[in-house]
Structures are given as C-alpha cells and as structure tokens.
Amino acid sequence: MAFTMHSHSGQFCPGHAKDQLEDIIKHAIGLGYTRMALTEHMPRTALDDLYPEELDDPEASLAALAPRHAAYVEEAQRLQKLYAPHISLLIGFEGEWLRPAYETLIRDLAAHPAIDYFIGSLHHVNGVPIDFDKEHYARAIASVKMPANGTTATAARGQPGSEDGNQGVEDVEWLEEKAYERYYDQQYEMLTSLRPRIVGHFDLIRLMSSDPGRDIRNWRGVWERIQRNLAFVASYGGWLECNSSALRKGLAEPYPCRVIAEKWLALGGKFTLSDDSHGIAQVGTNYARALDFLSSLDITTLWTLSREPQEHDGKVGKVTRAALIEVAVAIDEIRGIVSKWST
C-alpha cells in the first residue's frame, strides 16, 4: 500500500500548484497508491492574507476563494465515487491558522458531512508567510519585536555591545530564535483550539531559516515549546505527518526533523506519511528517502485512515458523516511499492 494524507492541485490551488485534481488522482493510481487524501488549502477571508500571486486584483482573488472551496468539495465527492474501485479517496482540507479569528471558519468547513478530517498547520508568524520566499520570511522574523526598553538584543542578553558591526548579526539571530518561539506559541494556540487529527509539517519554520539543520535543543525556549506542543498532540491522540516535501525543497530531513521525531516517538506518538504534493510531478517525491529516515528511527509502522461509507438518513434527508478507522501499514509494504518507481 502507498498513500498520502496531504495533497493539493492546481485546479483548486492556482498560482503555486499545478494540474487538474482528476489527473493527479489518475497518476497516483498509476503509481500504486491505494489511498489518497485530498486536502486543498482552506479559503482566507481578509485582503491582508492574500499572497503576492493573488494581488493583481485583490478583491476578485479574495471573492473567488470560498466558491472555489465549495467547488472543490463537490468535485472531490464526484471523484471519490468515480475512482472508488481503484483508490480510496479521503476528503479534507488544510486548516491554516493565520490567527485565532480563523477558528470559526475552520470549524464550519470541517462540519461539512463530506469532510473526513482537516490538517492543522501554520504557514505564518504574526500573519506573515514563512515559506513563500526569503523576503517574506525576513519580514516574519522582523515582526518579532525587540525588547520593550528599546535596547539591542545583544544588550538584552547581557552581552557586551559591539563596535565592529557584529551586533546586527547577533540581533538577527536573536530575532530568529524569538520568531521560532512565536511560531510554536501560535501553533499551540491552533492545537488547543482545534485538536486536529493530523498536524501538518510540524517544524515548517526551519525551511528558510539561516540554519535549517541547527540542533533546535540549543534554543531552550524553543525546545520547551516544541516539547509542550508534542505532549499536547499526544494527549488527545493526534498524529504527526512525516512530510517528504521538505526533501524536495532542499532540506536534509523531512518534517519534522530527527530530534523532534525522536521526542514524538518517546511520547508514544504515531506518524502518518505525506508527500504534500502540489501537482503530478510531486506525487510520491522523495518517499524512498523519507522511508529511510523513518527506518533509521526504528519506525516499522505508519498510520492512515479508512472510511466507512456514508449513509443517507431518509427520514431527515441528510447524509451522515463517514466513520474513520485507524489503519496500521508496515513501512516495508510501502517500500515495496515505492521501489518500483523510476524516481
């Protein structure tokens, strides 16, 4: 069995994804996928939350988001039925926590009877994207305020000032550390408010960091927050995804990195598997490397979901939500499919 619990299409995520949703599904079937979760990005509701690619006509871009999501859910249901003999399709969305005000919208979207689950994720710090490009990442880092008394970060940490220009570099490092702390605090807000079944790309904040491979345990405040968040997810039975998209974006390890994965396993946490694909070319990308990473952690089993068919309640004229069953899949079973791919 091969599967992904996180995917996107150009049809419903135009601008940064490619290809029609149906074509992506057909490609996945051809690769040997037997289960695939469709998780398009949720709509946003404020002009300030639009990406640069949407700013040619901001009002029109914003107005299109909610109808596009509705069209996605309708098309996903059609494809779910059409391809049922070949692949089990789960229908979900990526619930993005830009700020607490989005909680109501995420809950409303999740209440649709066709929605099996949503991924809880963060792509922002203080409302500024952290994974769009280096410029936006720098803005997100800069959004973390300096100490209230106006002193430099170097002075605030009790270190000598600098006359040779090094102080600015140290201030940037301090800001990045504080931005990490803010990221995990905002992630905690999302987790405690929504309790998502799957937490997406847990440590996305490291993607454009000045040192993505740093041992995050050396930042005490950051590591404490990471441990807090992991413990909370474990407490309600949520899963983390091993997200292979980090590898195609140039990182050495998937999301989450090794030290976070080790802590998650120590808590008894479960992993699922995702390619976070944004088009045909990314379906299953770097799965072999992701599986090797998981095996190096002595993980032998990953988890996915199986859905029981929905039933129509004729008396009240509505469809009941499908039941979801947790399914264990041996890594070796997935590797057997992945090994047949040419790339």
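Ring pairs join Y33, Y287 and W341 into a cluster. Before I go on: this is a predicted model, so please keep that in mind.

The structure holds twelve aromatic pairs. The one I want to show is between Y33 and Y287: it is stacked, with 6.3 Å centre to centre and 10° between the planes. What does this pair tie together? Y33 belongs to strand β2, residues 33-41, and Y287 to helix α10, residues 287-296, so the contact links parts that are 254 residues apart in sequence.

Are these two tyrosines buried or exposed? The cut-off for buried is under 20% relative accessible area. Y33 has 1% relative accessibility, so Y33 counts as buried. Y287 has 0%, so Y287 counts as buried too.

Next, charges over rings. The charged end of R214 sits over the ring of Y180, at 5.8 Å from the ring centre. For K270, the charged end sits over the ring of W303, and there the distance to the centre is 3.8 Å.

Last item, helix α3, which spans residues 103-110. Which residues of α3 are buried? They are I106, L109 and A110. These residues cover an arc of only 100° around the axis, and therefore they lie on the same side of α3. T104 and D108, on the other side of α3, are exposed.

To recap: a ring cluster of Y33, Y287 and W341, charged ends over the rings of Y180 and W303, and a helix α3 with I106, L109 and A110 buried and T104 and D108 exposed on the other side.

Notes
Residues numbered from 1 in each chain as written. Predicted model: local features only at pLDDT ≥ 70, side-chain atom pairs only at ≥ 80, totals over all residues. Heavy atoms only, no water. Phe/Tyr/Trp six-rings, centres within 6.5 Å; stacked < 30°, edge-to-face > 60°. Helix = DSSP H or I, 4+ residues; strand = E, 2+ residues; numbered from the N terminus. Buried < 20%, exposed > 50% of the residue type's maximum accessible area, 1.4 Å probe, protein only. Lys NZ or Arg CZ within 6 Å of the ring centre and 35° of its normal. Arc of directions from axis to C-beta.
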